[in-house]
Amino acid sequence: MSTFISLLNFTEQGIRSVKESPNRAEAFKGLASKLGLTIKSIHWTSGAYDMVVITEGGDEATMAALLSVGSLGNVRSQTLRAYSADEIKKIITLMP
């Protein structure tokens, strides 16, 4: 399983209905579960990003979930593939 960190910003539509954001997060959890993803955490943040979501699962399932959420028009996301210490150690051993 891969870990992904998604940095989200509300769109104009999303901020207009920000009071529904916790309900939308719950709906996302349901969608993610159906796709075989695990939601490790969801945080509402201040600063450059409005939310941070950490998921674990396959590449295709993660992409499907994020495209589905993005198509609703409430958030825009940037997603990063994250590596644990053990994973990066393995990657480093592959270096010439």
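Modeller: What follows describes the pocket and then the salt bridges. Please keep in mind that this is a predicted model, and that the values below are computed from it.

The largest pocket holds about 280 Å³ of space, and its lining is made up of 16 residues, among which Arg24, Ala25, Phe28, Val69 and Val75 lie nearest the centre. Two or more lining residues are given by each of the elements β1 (2-10), α2, β3 (51-57) and α3 (59-71), and the largest share, 6 residues, comes from α2.

Turning to the salt bridges, a search of the whole structure finds 2 of them. One belongs to helix α2 (residues 21-35), where Glu26 and Lys29 are 3 residues apart and therefore separated by about one helical turn; their side chains meet in a salt bridge at 3.2 Å, N to O. Glu26 is partly exposed, with a relative accessible area of 48%, and Lys29 also counts as partly exposed, at 35% relative accessibility.

The side chains of Arg81 and Glu87 likewise meet in a salt bridge, here at 3.8 Å, N to O, a value that lies within the 4 Å cut-off for such a contact. Arg81 is partly exposed, its relative accessible area being 30%, and Glu87 is placed in the partly exposed class at 26%.

How values were computed
Residues numbered from 1 in each chain as written. Predicted model: local features only at pLDDT ≥ 70, side-chain atom pairs only at ≥ 80, totals over all residues. Heavy atoms only, no water. Helix = DSSP H or I, 4+ residues; strand = E, 2+ residues; numbered from the N terminus. Buried < 20%, exposed > 50% of the residue type's maximum accessible area, 1.4 Å probe, protein only. 1 Å grid on protein atoms, 1.4 Å probe; cavity = no way out; pocket = protein on both sides within 12 Å on 5 of 7 lines; lining within 4 Å. Points joined across faces, edges and corners; volume = space filled by probe spheres on them.
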